[in-house]
Amino acid sequence: MSTPASRHHKRPRGEGQWALGYREPLNKNEENKKNDDGLNVRQRIIDIYSKGGFDSIDPADLRGRMRWYGLYTQRKPGIDGGKTAILEPEELDDRYFMLRVRIDGGQLDLRQLRAIADISNLYGRGTADLTDRQNIQLHWIEIESVPDIWERLEAVGLSTTEACGDTPRVILGCPLAGIDTDEVIDATEQIQEVYDRFIGDPAFSNLPRKFKTAISGCPAHCTVHEINDVAFVGVELPGGEKGYDLWVGGGLSTNPMFGKRIGVFVRPDQVGEVWAGVAGIFRDYGYRRLRHRARIKFLVNDWGPEKFREVLETEYLKEPLPDGPAPAQPRGSRRDHVGVFPQQDGNFYVGFAPRVGRLDGDKLHLVADIAERHGSGRVRTTVEQKMVILDVAPDRVESLVAELEANDLQVNPSTFRRQTMACTGIEYCKLAIVETKATASDLVDELERRLPGFQEPLTINVNGCPNSCARIQVADIGLKGQLVVDDNGDQVEGFQIHLGGSLGVNSGFGRKVRGLKTTAAALPDYVERVVTHYDTQKKEGESFAD
Ligand code: SF4
C-alpha cells in the first residue's frame with residue numbers, strides 16, 4: 001500500500017492515521033496490536049494457555065488479543081454495578097470466558113446448530129444467548145476447553161475468528177436470503193466471498209476499532225444497514241440490473257451516527273473489492289489516537305461522502321463506480337421475520353421469539369430436532385435475537401408451530417415479547433452497571449399481563465450501560481442502565497430513558513429526556529404509562545416515533 005503522506009499536510013498532533021505518517025502507536029491498545037497481531041494468539045492458546053491454565057495467560061493476550069478469537073473474560077459474579085468504573089480490570093475478571101461464535105449471514109444447518117448445542121452443554125454450563133448481530137454467545141468457558149471447542153466448530157464449518165476485537169466482525173445477512181418472495185437480491189454469495197477472502201486475513205486484522213458489515217437484499221431492511229460501519233443494500237437499476245447501494249459510517253455507542261450513502265452502484269462481482277477498499281480506508285485513514293474516536297463513522301463524518309468516494313475510487317479501486325439509486329423504503333413497520341410466511345419455492349418459513357434472546361444448549365437441540373422432524377435442514381438467526389426455521393412444507397407448518405409454542409418459542413408473540421431486546425448486562429459483562437436479561441424478561445411478563453390487547457409495533461431495548469449493544473438510540477423506548485437514587489435516597493439499579501428512536505423512512509435517534517430516569521423496580525409502571533399514553537393519544541397511522 002503506498003503511503004500518500006506527501007500529498008497531505010501533516011498536522012503537529014495527528015489523529016494517529018497511518019496513511020498520514022502516524023505509525024507510532026499512540027495508546028496502549030495500538031501498542032499491543034503493534035507488538036503482535038491478534039491473530040497470533042490462536043497458537044499460544046493451543047500450545048500454552050490451554051495446557052498451563054488461566055494463570056499462564058499473558059495479560060496483554062488476556063485483555064487484548066483473546067478477543068480476536070471471540071474470547072472475553074466474563075464478569076466476576078457478585079460485583080455490583082457501582083464498582084464497575086472504580087475497580088481495575090483484573091478485579092472484575094472472572095477466570096471464565098464468554099465465547100462468541102460468529103454466524104455470518106445468520107446461516108446454520110442442523111449439524112452446526114447441534115455442534116453449538118453440544119459445546120454449550122459440555123463446556124458452557126448450558127448457556128446460549130442469541131445476540132443482535134446473529135451470533136450465539138456461550139459463557140463459563142474455561143481456557144482448557146478452547147482447542148476442543150474450536151475443533152468441534154471447525155469440523156462443521158464454524159469459527160470464532162475475529163468475532164470480537166479491532167477486526168471485521170460477523171457479516172450480517174438477511175436470514176431469508178434466497179427464499180424471500182420480495183427480496184431485491186440474494187446476497188448469500190457476496191457474504192461468503194467476503195468471509196472467505198478477508199476474515200482472518202492479516203491485511204485487515206489490525207483495524208483502528210471494530211468494523212461491522214451488513215450485506216443484504218432484504219425488502220424489510222432487516223440487517224439495519226443504517227447503523228453498520230459498512231453496508232451493501234440491495235437495489236435494482238431502472239433497466240432491471242441488480243446490485244448494491246453502498247453505505248458507510250453508521251454506528252451507535254456513546255456518539256451515535258447513521259451511515260451515509262456514498263452514492264455508488266456496486267455490482268455483485270465488485271462487492272469483495274469494494275469491501276476491501278472501505279476496510280482499507282478505515283485501516284489506513286481511521287483515527288487511532290483516541291479509542292472513542294476510532295470508529296469509521298468519525299472519519300466519514302469529517303470527510304463527507306464525496307471525499308470518501310473519491311479516495312475509495314482513486315486510491316483503492318483505481319476505477320470509478322457508477323452512480324446508483326437509493327434503496328426502496330422498507331417493507332412494513334417491523335424488520336424481524338417472526339411468524340409464518342411463504343417462500344419462493346412454495347414452502348414456508350417460520351420465525352419465532354425466544355425470551356429476550358436467551359436459549360440454552362437443550363433448547364438449541366430441541367430447535368434442531370423440531371426442524372428435522374418437520375423436514376427442514378436449515379435454521380437462521382436474526383438481528384433481533386430471534387430464530388427462523390426454513391423450508392417447511394405447507395402441511396407440516398401447523399404441527400411445527402404447535403411444537404415450538406409448546407416449548408415457549410413463540411411464533412405469534414405479543415408485541416412486548418417480539419420487540420423487547422436486552423444486552424448481556426451485569427450477569428456476565430464487565431462494563432455493565434445494571435442487570436438486563438432478567439429485568440427485560442420480567443418486564444415482558446408484566447406488560448403482557450397489564451396490556452393484553454396491545455398490538456402496535458413498539459421496540460423496547462434494554463442496555464446495561466451507555467455502550468448501546470442493544471441499540472437503545474434507535475428503539476421506541478430505549479433504556480440505558482445506570483445507577484439512580486430511589487425515593488428513600490438509596491442508590492439502586494435504574495435506567496435513563498430515550499424515547500422515539502427509529503430506523504427507516506424517518507430515521508432518528510431517540511430523545512434523551514432530561515432527568516427522565518426510572519428505577520429498575522418501577523420500570524413496568526413507567527413503560528405501562530408511556531405505552532398507554534401513546535395508545536390513547538395516537539392519531540390514525542401515527543407511529544410511536546412520530
Ligand atoms: Fe455490556 Fe454495556 Fe454492551 Fe450491555 S451495552 S453488553 S452492559 S457493554
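Let us start with the sheet: five strands, an open arrangement in the order β6-β7-β8-β9-β10, with mixed pairing. Two strands count as paired if DSSP finds at least two bridges between them, and the elements themselves are DSSP runs numbered from the N terminus, helices being H or I of at least four residues and strands E of at least two. β6 (168–172) and β10 (260–266) are the edge strands with a single partner each, so one side of each has no neighbour in the sheet. From one strand to the next the twist averages 25°.

Before going further, please keep in mind that this is a predicted model, in which local features need pLDDT of at least 70 and side-chain atom pairs count only at pLDDT 80 or more, while totals for chains, interfaces and linings use all residues. Residue numbers start from 1 along each chain as its sequence is written.

Within the sheet, β7 (residues 211–216) and β8 (residues 230–236) pair in the parallel sense over 4 bridges. One place to look is Ser216, whose bridge partner in β8 is Val233. Helix α8 packs on this sheet, touching β6, β7, β8, β9 (242–248) and β10, and its direction makes about 160° with that of β7. Helix α9 lies across β7, β9 and β10, running at about 50° to β10. Contact here means that the C-beta atoms of two residues, placed from the backbone, lie within 7 Å. Axes are lines fitted to C-alpha atoms, for helices over the stretch in contact, and angles between N-to-C directions run from 0 to 180 degrees.

Now to the helices themselves. Two packed helices are described by the angle between their axes and the distance between the axes. For α8 (residues 271–285) and α9 (residues 296–317), the axes come within 10 Å and cross at roughly 125°. The two are therefore oblique to each other; angles under 35 degrees count as roughly parallel, over 145 as roughly antiparallel, 65 to 115 as roughly perpendicular and the rest as oblique. On the α8 side, the contact includes Glu273, Val274 and Phe282, and on the α9 side Ile296, Leu299 and Tyr316 are among the residues involved. By class, this contact has 11 nonpolar, 2 polar and 1 charged, where Ala, Val, Leu, Ile, Met, Phe, Trp, Tyr, Cys and Pro count as nonpolar, Asp, Glu, Lys and Arg as charged, and the others, Gly among them, as polar.

On to α7 (residues 188–198), which packs against α8 at an angle of about 55°, with the axes 9 Å apart. α7 and α8 are therefore oblique to each other. Gln190, Glu193, Val194, Arg197 and Phe198 of α7 meet Val271, Gly272, Trp275 and Ala276 of α8. This contact holds 5 nonpolar, 2 polar and 2 charged residues.

A further helix pair is α5 (residues 110–123) with α6 (residues 146–155), whose axes come within 9 Å and cross at roughly 165°. These two are therefore roughly antiparallel. Ala115, Asp118, Ile119 and Tyr123 of α5 face Ile149, Arg152 and Leu153 of α6.

Finally, visit the ligand. Among the residues around the ligand are Cys423, Thr424, Leu431, Asn463 and Cys469; a residue counts as near a molecule if its C-beta atom, placed from the backbone, lies within 6 Å of it. The shell divides into 6 nonpolar, 6 polar and no charged residues.
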